[in-house]
Every structure is written in structure tokens, then in C-alpha cells.
Amino acid sequence: MLLLTTTVWLGSGWFHTQPSITVSGIAPLYVEGEPLRVALSWSGGDVIKEIRFDIPEARINKTWYANATRGEKTTRLSTVGWLPIQYAYTATFISQNNKHYSVTGQFQLDKRDIVQPSSQIIGLENNYNVGTEITYTLQAVDNRALQKAIFIVQGTPIEQNWDVMNEQQIAYQASFSTKGWEANRYYSYLFTVIDDAGNQFDRTGRFWLVEIDRILPQGQVSGIEPQYTLGDKINYSLSASDNEELKQVTFKVQPDRVNQIWHVSDVKVAQQSSFSTKNWQAGDYEYQLKIIDHVENEQIITGQFTLVEPVSLAEQMPAFSGQLMGIKQDYQVGDTVSYSLENYHKNDIKTLLFEVQPNIKETLWHGDEIAPVISNSFSTTNWQHGVYTYFITAFGQQDDILQRQQGTFTLTQPAQPFKAKVASLLKNCQQHFAAKRYTVGKKGTALECYREVLAMDAGNVEATKGLKAIEVKYHVFVESALRRERWQSAKLYLSRLAEVNPQSPEIPKLEKRLKTLRAQAKNRDKQQAQKQVVDKPKPVSKPAPKSACSHCDCEELLTKLSIGVEPLTRQEQAYQRAHCQ
């Protein structure tokens with residue numbers, strides 16, 4: 001609002017008073033197409049006969065006629081089609097004795113922003129169980145500046161709002177619980193972002209909520225015998241299944257001897273493994289199979305075995321009259337094992353029994369059938385890899401053990417299938433990495449893939465390098481976000497870095513830098529804001545050239561103008577307009 005008041009005295013003894021003039025409604029800044037609402041008012045003083053309002057750059061000339069000492073005139077102007085520049089305006093009030101009272105000002109017209117912001121939602125799946133804590137990330141970007149972000153789940157109390165504070169890019173991580181929500185229905189969600197020009201972009205989606213899975217997963221352990229000798233290698237198989245999806249399978253031998261973990265994302269899994277009892281102590285051991293599904297339902301299956309000290313059969317039984325020959329120490333699964341028995345000529349032997357525990361138990365012949373040399377063989381097709389113990393036992397006429405001989409051989413998996421599986425997994429890992437699915441992705445992630453390789457082949461060089469490459473990627477992302485002062489993005493990338501390598505020594509350093517830089521930026525912005533207020537330039541009239549009116553003085557000119565006997569010269573008028581408003 002602009003106000004101009006002056007009292008004018010006339011030498012003839014009667015006087016005229018300049019009216020109180022007000023120009024209101026004009027803001028300092030407009031956007032192209034936004035209307036101007038102008039109000040011109042006057043009161044007291046001379047009778048005003050004419051009012052003019054001019055914006056030369058926009059070719060606006062408005063004139064009103066009046067014959068009153070007070071009044072008000074309003075107008076509404078459209079800026080559609082105007083150029084985005086600075087405009088000057090003048091409001092002139094003319095009295096009946098042709099006195100001109102003028103008020104001037106200016107405003108800025110900016111080009112209208114018509115570009116919509118864009119956004120995306122990361123981490124929201126299509127299906128959830130009732131009670132699930134849903135975590136997601138919201139991202140948005142605008143060509144100028146964002147003002148507000150809103151996320152709602154329709155038909156629920158979930159409505160999350162963020163004031164963006166004029167950033168071009170945002171990344172917010174948030175969550176909400178579905179505890180107590182109605183099951184077996186769709187829930188629609190809406191993510192709205194609004195920029196500083198009022199442009200709005202909406203992204204929608206929905207997810208299906210089902211009743212929480214309360215069915216326990218199932219599983220079993222097979223292949224573990226009740227008793228072993230110290231130093232034996234124990235081979236076993238395990239299987240697990242769930243009605244929906246498994247999450248983790250753990251096999252342990254207490255106390256704290258074996259702890260093997262498999263991460264699973266399927267309805268069933270089957271694994272073969274082994275462990276050595278070398279350097280263990282004799283005694284009873286309990287093993288435990290723990291199965292966890294995707295909603296944390298847990299099933300525990302237990303069993304036990306006993307380790308005994310090795311006993312020398314030579315000390316308990318007489319030496320054999322014959323010998324078992326031909327069995328080597330090492331085979332691959334699927335090989336055929338051939339052996340022979342020679343020189344069994346003991347008259348009191350009734351039966352010879354050959355065993356490979358727990359796969360084979362064969363009665364080879366009775367005493368009256370014993371030949372000088374007997375040859376036989378067996379196949380290891382579909383056997384599990386591991387160490388096997390074989391026995392040849394001679395039974396007497398009363399079925400008592402007369403003699404016993406034992407030995408061991410090792411079965412290993414053929415090298416090529418294992419290598420091929422590892423190579424195939426590494427290829428998948430590289431595809432995830434190339435597609436930038438480092439730690440997040442519906443089709444799997446490079447992080448999970450490389451960890452699966454290491455679970456199969458501990459110390460695999462390529463998988464180890466892959467995990468390091470992911471760690472380096474997120475380190476670079478954090479550094480980039482810090483340089484661009486994108487604090488929320490830096491925080492998100494830090495959480496991803498911690499997921500890849502929680503022990504990374506860079507994490508505390510980066511967290512400290514984020515805290516320091518963020519505080520410095522906040523302090524800098526505060527100082528700049530204060531400086532803009534303090535140093536805001538005051539309108540200064542352009543001084544008239546010294547040669548134009550070297551003797552001019554505002555007080556003298558106003559006195560001369562109020563008396564009205566002698567008009568002002570052009571130089572005095574210019575000086576008065578520039579300096580004496």
C-alpha cells in the first residue's frame with residue numbers, strides 16, 4: 001500500500017490540502033497468467049476529478065472520473081500473454097485545480113512453471129499378511145523445486161506428509177503397520193508430490209492383504225546314526241517345506257560344534273552336508289534343525305548321537321585267516337567299488353557277512369560254499385558324499401563273531417557339476433549387478449546372489465570381489481549425495497552400505513561427515529537468510545546530474561510548489577520527482 005499526503009498553502013489566504021492517496025493490492029511478484037487486483041483510494045483534501053492508472057510496458061491505461069473529496073476505484077488485470085519482465089506502474093490523481101498527485105511502483109512477472117514433478121515408490125510388494133510392518137522408499141524430482149509430498153493408504157488412518165523446503169530431489173524412507181487391518185482385500189495407495197508452482201503429480205498402486213500365515217514349516221534330518229567313533233565324518237541330509245515360503249534353515253550341533261545356515265526363498269529345500277568329529281570329545285551330542293518361514297513361524301527338530309572312543313578289533317578278536325582286497329581309499333559318487341576275499345579256510349566259520357554302513361548288508365556265503373577267492377562289487381549311484389566304513393565279519397557255528405576286519409573309503413561329488421553350479425550362480429550375480437539390483441530387486445539382488453555363492457564355495461574370489469564392488473558403489477553414492485547436499489539420499493545409501501558390510505570402517509566416517517555437512521549447510525542458509533534481510537537494498541532514486549539543478553533543495557522546492565506563485569522549472573521538476581516524493 002502506497003500513501004502520499006501533502007498540505008498545499010495558497011498565497012491568496014485560502015488553502016488546498018493534498019488528499020491521502022492509497023494504492024493497494026499489487027504484490028512484488030506474480031507468475032505469468034496470474035491476475036492483478038488493484039485498489040486506488042483517496043480521502044480528504046482537494047476534490048479529485050480524474051484518476052489514471054498506467055502500466056506502460058503492458059500498454060495498460062485506465063481512467064476514472066470523479067468529483068469527490070474521497071472515494072475508491074478498483075480494477076482487475078489479467079497477465080495472460082504478458083512478457084516475463086519487470087513492470088512499472090503509475091497512479092495519478094488530478095484535482096479540480098489540475099494539481100497532479102502521483103504514486104509509482106513496480107512488480108516482477110515470472111514465467112509460469114508448467115512442468116510436472118515425477119516420482120516413484122520403491123519396496124512396496126503386491127501381497128502382504130495382516131500385521132506386517134511395511135517399509136518403503138519414496139523418491140521424487142522436479143525441474144525447479146518441490147514443496148510438499150503426501151503418501152496415503154485409502155480407507156486407513158495412514159496419511160504421511162512432508163514439507164520439502166524447496167529441494168529439487170527427495171528420498172524418504174517410511175513404514176506403517178497393518179496390524180488389525182481387514183484381511184482378504186485390496187488397499188489402494190497414493191503418492192502425491194507438489195512443486196512450488198502448484199504442479200501436482202500422483203502415483204497410485206495397490207496391494208492385497210491376506211490373513212497372517214500361522215502354519216508352522218516342516219522338515220527332517222536323515223542319515224545321522226545313533227553312534228559314531230571319534231574322528232568320523234558324519235554325513236547327513238535335511239529337508240524343509242512351508243505352505244507359503246521359507247526364509248532360513250539352520251542346522252546346529254550342541255554344544256557350539258556346528259552351525260550351518262541356508263537362506264531360502266522357496267516353498268521347499270533339500271540339502272546334503274557333512275561335518276567332521278576330529279578333535280571332539282567322546283560323549284552325547286544333540287543336533288537341532290531350526291526352520292523359519294517368511295512370517296517368522298519357527299519349527300525346531302532335534303535328535304542325538306553318541307561319539308565313542310575307537311576300539312582296536314585286533315585286541316578283541318584273533319587275526320583273520322583270510323584278507324579283503326581291492327577297495328581303494330577314494331571314489332566319486334556313482335563309481336562301482338570292486339573287491340575280493342581270499343584264503344578263508346577256517347573250518348569253524350559258518351557265515352561271512354560284508355557291510356557298508358548304512359547302505360549295504362550282504363551275506364556273501366556260508367561255510368560250505370567258501371572258495372579260495374571270491375570277487376564281488378557294488379555301485380555308489382545316488383549315494384551321498386562322505387566317509388564310509390566297511391566290514392567283513394566271520395560268524396561261528398553259534399552265530400558268534402569270530403573275526404572282523406574293517407576299513408574306510410571316501411566318496412566325493414564329481415567336480416564338474418559343482419563347478420558348473422557355482423559358475424551359473426556367478427553369471428546370475430553379474431546380471432543383477434549390471435542391472436543395478438545391488439540390494440533391492442524383485443528378481444533378486446547381487447548381494448543375496450554373491451552370498452549364496454560364498455555359502456557353497458567359501459572364499460570364492462569372484463564372489464568376494466562382487467561384494468566389495470557393491471560396497472564401493474554405495475560408498476560412491478554416499479559421497480555424491482553429500483557433495484550435492486542431498487541429505488536424505490545420503491542417509492538411504494548409508495543404510496544400504498551397512499546392509500552390505502556392517503563392519504565397514506567407512507560407515508562411522510561418512511555418518512560423521514553427513515552430520516557435520518548438514519549442520520554447516522543449515523547454518524549457512526540461516527546466515528544467508530539473515531544477510532538478505534539486513535542487506536536488502538533500499539530503493540534509491542537516481543540522482544539528477546549536478547549540472548541539471550545544482551542549487552535545488554527539496555524543502556525549498558516544496559515551499560515554492562505550495563505557494564504556487566512561480567512554477568517550477570523543468571530541472572526543478574525532475575529533481576523534485578527524483579528526490580522529493
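In this predicted model, the link of Cys-429 and Cys-449 is left-handed, with -85° about the S-S bond. The sulfur atoms of Cys-429 and Cys-449 are 2.0 Å apart and form a disulfide, and a search of the whole structure finds one disulfide. Because Cys-429 lies in helix H2 (residues 415–434) and Cys-449 in helix H3 (residues 446–456), the pair ties together parts that are 20 residues apart in sequence.

The crossing of H4 and H5 is left-handed. On the side of H4, the contact is made by Leu-467, Ile-470, Glu-471, Tyr-474, Phe-477, Val-478, Ala-481 and Leu-482, while H5 contributes Trp-487, Ser-489, Ala-490, Tyr-493, Leu-494, Arg-496, Leu-497 and Val-500.

Turning to the sheets, five strands form an open sheet in the order E21-E27-E26-E23-E24, with mixed pairing. Strand E21 (227–229) and strand E24 (258–263) stand at the edges of this sheet and have a single partner strand each, so one side of each is left without a neighbour in the sheet. From one strand to the next, the twist averages 20°. Within the sheet, Leu-289 stands opposite Ile-301 in E27.

A further open sheet has three strands in the order E28-E30-E33, and its pairing is antiparallel. Here strand E28 (323–325) and strand E33 (373–379) are the edge strands, each with a single partner strand, so one side of each is left without a neighbour in the sheet. Neighbouring strands of this sheet are turned by 25° against each other on average, direction ignored. Ser-340 stands opposite Ser-375 in E33.

| Strand | Partner | Sense | Bridges |
|---|---|---|---|
| E26 (residues 283–293) | E27 (residues 298–308) | antiparallel | ten bridges |
| E30 (residues 336–342) | E33 | antiparallel | seven bridges |

Note on methods. Residues are numbered from 1 along each chain as its sequence is written. This is a predicted model: local features need pLDDT of at least 70, side-chain atom pairs count only at pLDDT 80 or more; totals for chains, interfaces and linings use all residues. Side-chain values use heavy atoms; hydrogens and water are left out. A crossing is left-handed if the near helix is turned anticlockwise from the far one by less than a right angle, and right-handed if clockwise. Helices (H or I, at least four residues) and strands (E, at least two) are DSSP runs, numbered from the N terminus. Contact means heavy atoms within 4.5 Å. Two strands pair if DSSP finds at least two bridges between them. Axes are lines fitted to C-alpha atoms, for helices over the stretch in contact, and angles run from 0 to 180 degrees between N-to-C directions. A disulfide is a pair of cysteine sulfur atoms within 2.5 Å.
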